[in-house]
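Subject: Structure handover

Hello,

The structure you asked about is below, followed by my notes on it. Please read them alongside the coordinates.

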Amino acid sequence: QLQLVESGGGLVQPGGSLRLSCAASGFTLAEYAIGWFRQAPGKEREGVSLMSRMDGNTLYADSVKGRFTISRDNAKNTVYLQMNSLKPADTAVYYCAAGGRYGGSTVLLHANQYHYWGQGTQVTVSS
């Protein structure tokens with residue numbers, strides 16, 4: 001069964017940190033570009049941290065630049081999102097995604113370019 005499973009979400013105070021993990025099963029994550037998206041209540045899903053398949057090219061939403069870091073461990077078939085200096089505005093359901101099999105150094109910008117999606121993990125930033 002092909003799937004992505006996120007973990008690591010939860011409740012954190014403003015200024016705190018969380019690390020989200022996304023484990024792939026049934027396929028090889030190294031063959032794909034990856035991304036983390038989020039969706040807050042009443043808002044559209046947005047890409048926050050994206051990475052190409054090759055060369056480690058990344059793209060971050062302006063709202064998270066300097067605070068979030070996307071990474072991958074191909075040996076573990078896992079993607080990570082390190083989130084620091086969290087703000088209440090970061091509260092959302094976070095999804096990992098994979099797409100563009102055998103693509104190169106291009107970061108995939110749009111959600112419809114991603115073929116596999118996790119079920120989402122809730123991140124709540126509140127005091």
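Thr78 counts as buried, at 9% relative accessibility; here buried means under 20% relative accessible area, exposed over 50%, and partly exposed in between (1.4 Å probe, protein chains only). The residue is found in strand 8, where strands (E, at least two residues) are DSSP runs numbered from the N terminus. A polar atom of the Thr78 side chain lies 2.8 Å from the backbone oxygen of Lys76. Leaving out residues up to four places away in sequence, Thr78 touches Ser21, Cys22, Ala23, Leu29, Arg72 and Asp73, contact meaning heavy atoms within 4.5 Å.

Two notes on the source: this is a predicted model, in which local features need pLDDT of at least 70 and side-chain atom pairs count only at pLDDT 80 or more, while totals for chains, interfaces and linings use all residues. Residues are numbered from 1 along each chain as its sequence is written, and side-chain values use heavy atoms, with hydrogens and water left out.

On the cores: the largest nonpolar core has 29 residues, of which Trp36, Met83 and Tyr94 touch the most other members. Such a core is a set of buried Ala, Val, Leu, Ile, Met, Phe, Trp, Tyr and Cys residues joined through side-chain atoms within 4.5 Å. At least two of its residues come from each of strand 3, strand 4, strand 5 (46-51), strand 7 (68-73), strand 8 (78-83), strand 9 and strand 11 (121-125). Another core, of 7 residues, lies apart from it and includes Phe37, Leu50, Leu108 and Tyr114. Beyond four places in sequence, the contacts of Tyr94 include Leu20, Trp36, Phe68, Leu81 and Val123.

On the charged pairs: the structure holds 5 salt bridges, each a side-chain nitrogen of Lys or Arg within 4 Å of a carboxyl oxygen of Asp or Glu. One of them joins Glu31 and Arg101, with the closest N and O atoms 2.9 Å apart. This pair links distant parts of the chain, 70 residues apart: Glu31 sits in the loop between strand 3 (18-25) and strand 4 (33-39), and Arg101 in the loop between strand 9 (92-99) and strand 10 (114-117). Glu31 is buried at 19% relative accessibility, whereas Arg101 is partly exposed at 47%.

Glu46 pairs with Arg38 at 2.7 Å between the closest N and O atoms. Glu46 is partly exposed, at 32%, and Arg38 is buried, at 6%. Through shared partners, salt bridges join Arg38, Glu46, Arg67 and Asp90 into one network.

Regards

Methods: Helix = DSSP H or I, 4+ residues; strand = E, 2+ residues; numbered from the N terminus. Polar contact = N/O pair within 3.5 Å; in protein donor to acceptor, adjacent residues only side chain to side chain.
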